[in-house]
Amino acid sequence: VISICGDSTFFHGSIPALVNAVHNQSNMIQVVLDNSTTAMTGFQPHPGNNLNVIGKSALSIDIEALCLSLGCTVTISDPFDLRGTTKTIRNLLKENNGVRVLILRRECELYRKKLVKTNPFKMKLNQDLCKGNECGICSREFRCPALVLDPKIQKSIIKEDICSGCGVCVDICPFNAISREE
């Protein structure tokens, strides 16, 4: 069993299920997508942040420490490290014993961009290398909102106005059509 939730959902709904999984000696992996905010509904703080809902200083609850206190095995990985995270998931699947928690920790790129107003990278897409509709990994599978298939040219394009410049698309393109400039 693999269960996936965001960090906010972890605090607001998944902890009881995790407690029951540990109590019942379940064999499962709980993946927590820890982006340090409630990105889906407006970037509100949650118990994992050091600010409360009205912006005052608050105790930050550490997901890793909480899970360890329950007796879970905990692993932390950077989701932007696609190869490393894939290897970590494969290793966790091989363990096949008890409740394992994988925390994929990386600050939300949209929230980061909102705060600092700059992108870490400028993304470029080489149309000569792009296979477009033949491939579709970036537009149909990866589903970054900034990568779309242009119906006129049948190739992917980058919508620069919404691209956060995270650079993950470079690692998912099998044809090296996407590059990043600092």
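This is a predicted model: local features need pLDDT of at least 70, side-chain atom pairs count only at pLDDT 80 or more; totals for chains, interfaces and linings use all residues.
Me: What box do the C-alpha atoms fill?
Reply: Along the principal axes, the box is roughly 55 × 45 × 25 Å. The chain has 182 residues, and 33% of them are buried.

Me: Back to Ile4. Is Ile4 buried or exposed?
Reply: Use the cut-offs: buried is under 20% relative accessible area, and exposed is over 50%. Ile4 has 57%, so Ile4 is exposed.

Me: And why does Phe142 count as partly exposed?
Reply: Partly exposed lies between those two cut-offs. Phe142 has 32% relative accessibility, so Phe142 falls in that class. Look for Phe142 in helix α5, residues 137-142. Phe142 and Asn126 are 16 residues apart in sequence and 18 Å apart in space, C-alpha to C-alpha.

Me: Which residues form the nonpolar patch on the surface?
Reply: Ile2, Ile4, Leu33, Ile89 and Leu93 form the patch. Together they have about 440 Å² of accessible area. Two elements give two or more residues to the patch: β1 (2-6) and α3 (82-95).

Me: Now for empty space. How is it found?
Reply: A probe the size of a water molecule is rolled over the atoms, and this shows where empty space is left.

Me: How much space lies in the largest pocket, and which residues lie nearest its centre?
Reply: The largest pocket holds about 1200 Å³ of space. Its lining has 47 residues, and Leu33, Asn35, Pro79, Phe80 and Arg106 lie nearest the centre. The elements that give two or more residues to this lining are β1, α1 (7-23), β2 (28-34), α3, β4 (99-105), α4 (109-116) and α6 (168-172). By class, the pocket lining has 28 nonpolar, twelve polar and seven charged residues.

Me: How many cavities of 30 Å³ or more does a search of the whole structure find?
Reply: The search finds one. About 100 Å³ of space lies in the largest cavity. Its lining has 14 residues, with Cys130, Cys135, Cys138, Ser156 and Cys173 nearest the centre. By class, the cavity lining has ten nonpolar, three polar and one charged residues.

Methods. Residues are numbered from 1 along each chain as its sequence is written. Side-chain values use heavy atoms; hydrogens and water are left out. Patches are made of residues with over 30% relative accessible area and no salt bridge: like charges are joined within 9 Å, nonpolar side chains (Val, Leu, Ile, Met, Phe, Trp, Tyr) within 5 Å. Accessible areas come from the Shrake-Rupley method with a 1.4 Å probe; for residues, only the protein chains shown count as cover. A salt bridge is a side-chain nitrogen of Lys or Arg within 4 Å of a carboxyl oxygen of Asp or Glu. Helices (H or I, at least four residues) and strands (E, at least two) are DSSP runs, numbered from the N terminus. Buried means under 20% relative accessible area, exposed over 50%, partly exposed in between (1.4 Å probe, protein chains only). On a 1 Å grid over the protein atoms alone, a cavity is a set of points where a 1.4 Å probe fits but cannot get out, and a pocket is an open set with protein on both sides within 12 Å along at least five of seven lines; lining residues have an atom within 4 Å of a point. Grid points are joined across faces, edges and corners, and a volume is the space filled by probe spheres set on the points. Ala, Val, Leu, Ile, Met, Phe, Trp, Tyr, Cys and Pro count as nonpolar, Asp, Glu, Lys and Arg as charged, and the others, Gly among them, as polar.
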